[in-house]
Every structure is written in structure tokens, then in C-alpha cells.
Amino acid sequence: MMNPDRADSAEPIYVTRPYLPPLEEFVDSLREIWDSRVLTNEGPFHKKFEAALAEYLGVEHVSLFTNGTLALVTALQTLRITGEVITTPFSFVATTHALHWNGITPVFCDIEPDTFNLDPERIEAAITPKTTAILPVHIYGNPCNVARIREIGETYGLRVIYDAAHTFGARLDNRSLADFGDLSVLSFHATKVFTTFEGGAIVSHDAKTARRIYFLKNFGFADEVTVVGPGINAKMTEFQAALGLAQLGHVADAIEARRRIAAQYRALLRDVPGVRCLDDLPEVQHNYAYFPVLIDQNALGRSRDEVYEALKQNGILARRYFYPPISHFPTYRGLPSAAPRNLPVTEEITKQILCLPIYPGLDPANVERIVGIVAGGG
Ligand code: T4K
């Protein structure tokens, strides 16, 4: 069988590939699940994984979910968020859809040109009497300005829920990036640094909130005969939890492998005019979940889309995460805050952004080949 990660392979190179533990480790867990016939509803793997994850992240309460989107929807329900929520248009569409599914109006604020995260200096101008919360995203696993956002939240009495879908393993000042805000929401989708096939979690800070989350993801059941609210079914299965447990022991190696690839890209791209990488920040332990670059058409001589197509012609499936911005989609583009003149930085960044392949096992020779094509050799 061809190995697509080898530089001489004819198989496509994807933007990412899941990092999986040795199959034997998972087969042992599958045997246990078969023997016990406990498949879901807070089984033994779920309990073990929830505890192990809280310890790994260094947080007090983790609630597991079957995916990140339902975790976001439930996080908003948990804090009874209503009305308007200030958020970023530069994200995966699930961020805003979670608001829509709760009947909440998203209010888009522009992003910072250096981090691509919600610009805190623009939040205050977007607050109205209907605003109840802020929903920022640590995009690509790079931290938002959490101190400033907390200050604004406290000043105006707004809740802060972080979409921390990209942050697994990332730390800010040695604290897990999933530990900020009133709540933080993680995704363990197959395309993430850490995966449970599909999966997600909410990180909360007190037992009462964690209990409410538990009720809400299990139909609202507090016991066999008591339903305390209109909960949903968003429980993680035993299979997902077993994969999560098996992965935890390997995630540090996976992040280190990603770090090496990011370093190689940076070194090779340093002398390519018109291609800008994001720098590592000293106060951050990065997880290298994505490798975004900005393509400056004037300096490089080719547009982002031309580079994207050239890579594709060569079997390299880079992605334009997150183009188009969410504010362009039909559900949202009629909102006053979605007007392009309100979001000039987002409009510009989404024209230039390109995420290059990064995952453990990507052959360094392929990284060289990718950079060669980006620089104009393909
Ligand atoms: N908030 C943010 C900020 C998010 O980025 C996301 C998800 C969410 C919330 C919601 O969390 P979840 O509900 O998903 O847990 C992907 C993912 O489906 C999505 O989870 C992710 N963000 C988003 C950024 O990317 P696509 O449409 O790009 O996925 P797809 O299928 O094209 O996969 C990309 C590449 O990954 C493939 O070309 C090959 C590789 N791949 C993919 C899958 C699914 C594999 O190697 N194996 C696989 O099983 O959306």
C-alpha cells in the first residue's frame, strides 16, 4: 500500500490526519466494552476519561460531549444566554450556528490583524441592552486577549464563553487555554490535535454548573423520574471515551511532532517574500493545530487562490480555513453587523489565509515540496 506521507507517493496529502494510538491499545478497550456491554450513558470508560482529562488539562470540571457543536449549544443553555452575543466572523461556522440554534442573534465584531482573534477594542461599541455574552474563539489554538475580554465582561455584566475547539494541549502562562471564561468548549473531532472520532467537552469552574451541564446533555434527567429542564442528548459513548483515554498518553509526542513541522515550515518560508507565518509567543505553549499563512498577492506574484490551486494540482490539499467568513453565509449576511464595512480586517485576512498541511508523520521532504510550490515552483 502507498504511504501518502512519503514524498514519492502519488496519494494526496491532506491538511491534517488524525494521530491514533497503537491499534492494540484500542482493541483491548474494545474487548472490555464487548464483555461489559456498557456502550454509553456514563460508563466506566467515560468516567475514567473525564477524570484523566481534567487532570491532563489541570482544570476542575470537564463534561464530555459527543461533539463540539452540541457542547457549544449546551454551554449557551447552561448559562441561559439569550438576546445578542458578540462573536467573531473568523471561525468555523459551528461557532455561530450554536447561537442560531439557541435563538440568539450573533453580533459580529472584527478581528485583530496579528492573532486573527476577536478584537477586544471593538467589543464595547457592539454592546446593546440585549447583549448577554461574548463568544470569542482561540483561533488556530492561539490565545485571545483573555485579560481584556474578562475585564469587559465584568464591567458590562456579560458572560464569556470561549470556543476553545482548537486549543487542546495549548497553555497560556502555564495554564490550560481551555480554562478561561465562564465556560470553555473543546472539540475532539477527527481533524483536531486530539481526537475521540467525534467528541467535545465543556470546562466549567464549579460543581453546580458541572451538574447542570450533566443534566442538560442527558435530556434533563436528574434521576429516573425527575426531568429538570429541556435537555438534549449529547452524551459521549464508551468507544469515544476509550479512544480518548488511549490517546492521552501520546498527545505530548503528537504536539512535539507538529512543533517540528511548524519549525521547518517557518525556516523554509523565511526567505519567501509575500508569505507571512504567525510567530510563536513566549507566554504560550502552542499546540500547532494548524499552520496558517497569509499570501500577499503583490509581493508573491500569485493570489492565495492560485497558490491553493497549484498545491491541489500537485496532490496537496491545503485548506482556506476560514474562508468565506461566517458573516458571508446566507443565514447571517443580512445582519447589520455582517456588513463587510464593519469587518475590514476579516475581509482582508479571509482573502489571504491558507492552512498548509500539518500532522504527525508528515514527511519533511513533503514539507519542502509544499514550500517549493507555495514559493512559485509548482
Ligand atoms: N468551533 C470551531 C472553532 C471549530 O473549528 C469546530 C470544528 C467546531 C466549533 C465544532 O466542533 P465539532 O462539532 O466538529 O466537534 C472540519 C471538521 O469537521 C470540524 O470539526 C472542524 N471544526 C473544522 C475546522 O474542520 P472539514 O469540512 O474541513 O473536514 P474534512 O472532512 O474536509 O476534513 C479535512 C481533512 O482532514 C480531510 O481532507 C482529511 C482529514 N481527515 C478528515 C476526517 C473527517 C482525516 O484524515 N480523517 C477523518 O476522519 O471540517
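Which residues come nearest to the ligand?

1. Among the 27 residues around the ligand, the nearest are T69, D163, H166, S187 and Y321; a residue counts as near if one of its heavy atoms lies within 4 Å. Please keep in mind that this is a predicted model, where local features need pLDDT of at least 70, side-chain atom pairs count only at pLDDT 80 or more, and totals for chains, interfaces and linings use all residues. Numbering runs from 1 along each chain as its sequence is written, and side-chain values use heavy atoms, with hydrogens and water left out.

2. Now the polar contacts (pairs of N or O atoms within 3.5 Å). The side chain of S187 places an N or O atom 2.8 Å from a ligand oxygen, and a polar backbone atom of G68 is 2.9 Å from an oxygen atom of the ligand. At K192, a polar side-chain atom lies 2.8 Å from a ligand nitrogen.

3. On its own the ligand has 910 Å² of accessible area, and the protein covers 76% of that (Shrake-Rupley method, 1.4 Å probe).

4. As for the shell's make-up, it divides into twelve nonpolar, eleven polar and four charged residues, with Gly counted as polar and Asp, Glu, Lys and Arg as charged.

5. Both domain 1 (13–17 + 251–318 + 357–377) and domain 2 (23–248) supply at least three residues each to the shell; the bounds come from an automatic or database domain assignment.

How values were computed
A polar contact is a pair of N or O atoms within 3.5 Å; within protein, one must be able to donate a hydrogen and the other to accept it, and residues adjacent in sequence count only if both atoms are side-chain atoms.
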